[in-house]
Amino acid sequence: MREDITGVDTGSGDTWASGDYARVGNLWLLVGELLCEAAPVRAGDRVIDVATGTGNTALAAARRSGVVTGVDYVPGLLERARVRAAAEGLEVTFETGDARRLGHPDGSFDVAVSTFGVQYVPDHRGTAGELLRVVRPGGRIAVASWAPDGYLGELLRLVDQYTAGAAGPPPPTLWGTAKHMEELFGPHVSALDCTERQWRFRFRSPADLIGWFRSYFGPLTVAFDTLDGDGRAALTADLTRYVTGHNLAGDGTVDVPSTYLEAVAVTPAG
Ligand SMILES: C[S@@+](CC[C@H](N)C(=O)[O-])C[C@H]1O[C@@H](n2cnc3c(N)ncnc32)[C@H](O)[C@@H]1O
């Protein structure tokens, strides 16, 4: 655990400062766009994008004329988000903060969104509580989370197995199950809709995909840095077996599906 990135308890922010998350996030721009449609984000809505990274979903909300705040605990990612907003001429407030203690009063937002973000915060219940707290009565919470099955879910399970193991925090992919969403949000909301969607990872070859994730996707970069030579070889073999076994492309390239859950909750009207 690292406590020093922002001066607040920053959990494992060093994981996301590793690799080059900007490149990874660019892959799934469409997921944030779809999430803003599902929420939906309407013109003038006050929107908070929690664990915004380089701003994918915050920017999608701003394209819909929301009044948007993006929060993340890795300042370097927020810098990239600001550059992207400026390039598009979009106004978004990007601020350093912790998803576990959002620095906003109760009911400050009409909509809270998070794409593959809050699922990585170890305290699931506390994080869900923060989303519920900052959204006004009758507001919406829309969250996209990788599910346990599919490429990303499997990758995260392997990383966990090779690093934290059974003693680690609850798996992030629990957020990708309707059951967990029901447990976290069900008792506190007036409606909860969960939709399974698929993202397809397309790369030139299995080695291309694995090398790319190893270089840029923080959790895998850190796992490879932590392991010794045998561990790295074993993890590479496991990933290759998975990618090859689930590859839908028949021409040597990669087309691997990854399931995620899109959950939209409505808070009770005041
Ligand atoms: C996979 S990235 C997703 C980023 C972005 N939402 C997107 O769709 O590209 C996960 C993000 O969660 C952020 N994060 C994880 N735990 C956090 C916490 N406790 N507070 C704030 N941000 C956090 C990381 O810094 C990282 O930017």
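Alanine 81 touches Gly53, Thr54, Gly55 and Phe94, leaving aside residues up to four places away in sequence; contact here means heavy atoms within 4.5 Å. This alanine lies in helix H5 (residues 75-88), where helices are DSSP runs of H or I with at least four residues, strands are E runs of at least two, and both are numbered from the N terminus. The model is predicted, so local features need pLDDT of at least 70 and side-chain atom pairs count only at pLDDT 80 or more, while totals for chains, interfaces and linings use all residues. Residues are numbered from 1 along each chain as its sequence is written, and side-chain values use heavy atoms, with hydrogens and water left out.

Alanine 81 is buried, with a relative accessible area of 0%; buried means under 20%, exposed over 50% and partly exposed in between, with a 1.4 Å probe and protein chains only. Its C-alpha atom is separated by 8.8 Å from that of alanine 22, 59 residues away along the chain.

Turning to helix H6 (residues 124-134), its buried residues are His124, Thr127, Ala128, Glu130, Leu131, Leu132 and Val134. These pack against strands E1 (46-50), E4 (109-115) and E5 (135-150), and against helix H8 (178-185).

A side-chain N or O atom of tyrosine 21 is 2.6 Å from a ligand oxygen. A ligand nitrogen lies 3.2 Å from a polar side-chain atom of tyrosine 73, and a backbone N or O atom of threonine 115 lies 2.7 Å from a ligand nitrogen.

Notes:
Polar contact = N/O pair within 3.5 Å; in protein donor to acceptor, adjacent residues only side chain to side chain.
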